[in-house]
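Thanks for coming. I'll take a few minutes to walk through one structure, and you can follow along on the screen.

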Amino acid sequence: MTDLPARRLLLVHAHPDDESINNGATMARYAAEGALVTLVTCTLGEEGEVIPADLAHLAADRDDRLGAHRVGELAAAMKELGVTDHRFLGGPGRFRDSGMMGVEQNRRPGAFWNTDVDDAAPHLVEVIREVRPQVLVTYDPNGGYGHPDHIQAHRVAMRAAELAAEPDYRPDLGEPHTVAKTYWNRVPRSVAEAGFARLRAAGASFPGIADVADVPGVVEDDRITAEIDGAAHAEAKAAAMRAHVTQIAVDGPFFALSNDLGQPLFSVEYYELVDGESGAPAGEREHDLFAGVDAR
């Protein structure tokens, strides 16, 4: 415990690639500054659609080997971001990608969405008590855009943070630890709209353009409590996104998922503080997720 870096950030995501899209610049910045950045990914993303034609055979409805392939993509992305501590919740493949909301894969035994929160949370409690993060980042209650695994990742992250602090809960999982600050991933509406305006003006090479409503976590600007300037790490974020080759196509400051609809790639990332005290003056945004934290 005494060997831990002074600042420790934990991020909880549903699938490989979510971390790079949502938090790549933030992760690269804090890793470069010497913080311990720990990423926990809850599934292998087995149900994802595949962009490159020569890899289409990996998909769940063919060879069903996409999850194992995405483990390698995630490792490559973490190398680009400088993140050395990454784990899969409960170990690789413990919980399976549930697919989009309403599909039969939601009900499959072992699917993350089909798992009781209190069965999944102890695996994260153990990580929290080991790395003892001051800051936790995850999704909002809607998972950003309603994907069942994103919603479940939110529920498991929030529950695990609660349980990790309870002295009487599962002492076999380590000494209790209280996370000082919890943030949800956000994008201010004005920033999303400006990003799409740039995309339309640039005429990027995607067949179509997505909509602000397609961007996870968009909220009105006054909900934003923290903005992290990752401009110095924009290329690292883009490289991490390119490493997820089955899922993301990057074109300069823009990208598309398997739907071929262009979206802006943000190098400034935004958050809403939902638990803990802001380290910024009243009415102002934080520019450091560790602001106000006693770094011990």
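Helix α1 is the element that gives the most to the lining of the largest pocket, with 4 residues. Before I go on, keep in mind that this is a predicted model. So what else lines the pocket? Besides α1, which covers residues 18-32, the elements that give two or more residues to the lining are β5 at 181-188, β11 at 261-264 and β12 at 268-275. The lining has 49 residues in total, and D17, D18, Y145, H147 and L257 lie nearest the centre of the pocket. Sorted by class, 19 of the lining residues are nonpolar, 17 are polar and 13 are charged. The space in this pocket comes to about 1,100 Å³.

I'll take β11 to begin with.

Strand β11 belongs to an open sheet of 4 strands, in the order β6-β11-β10-β9, with mixed pairing. Which strands are at the edges? They are β6, residues 208-209, and β9, residues 249-251, and each of them pairs on one side only. Inside the sheet, β11 pairs with β10, residues 254-256, in the antiparallel sense, over 3 bridges. If you want a place to look on the screen, find F254, which stands opposite P264 in β11. A helix packs on this sheet as well: α5, residues 189-202, touches β6, β10 and β11. The direction of α5 makes about 125° with that of β11.

Now to β12. This strand pairs with β8 in the antiparallel sense, over 4 bridges. One of the residues to look at is A226, whose bridge partner in β12 is Y271. Strand β8 runs over residues 226-229, and its side chains alternate.

R242 sits in α6, which covers residues 234-243. As for F255, it comes 13 residues from R242 along the chain, and the C-alpha atoms of the two are separated by 9.2 Å.

That is what I had; I'll take questions now.

Technical notes. Residues numbered from 1 in each chain as written. Predicted model: local features only at pLDDT ≥ 70, side-chain atom pairs only at ≥ 80, totals over all residues. Heavy atoms only, no water. 1 Å grid on protein atoms, 1.4 Å probe; cavity = no way out; pocket = protein on both sides within 12 Å on 5 of 7 lines; lining within 4 Å. Points joined across faces, edges and corners; volume = space filled by probe spheres on them. Nonpolar A, V, L, I, M, F, W, Y, C, P; charged D, E, K, R; others polar. Pairing = 2+ DSSP bridges. Contact = heavy atoms within 4.5 Å. Axes fitted to C-alpha atoms, helices over the stretch in contact; angles between N-to-C directions. Buried < 20%, exposed > 50% of the residue type's maximum accessible area, 1.4 Å probe, protein only.
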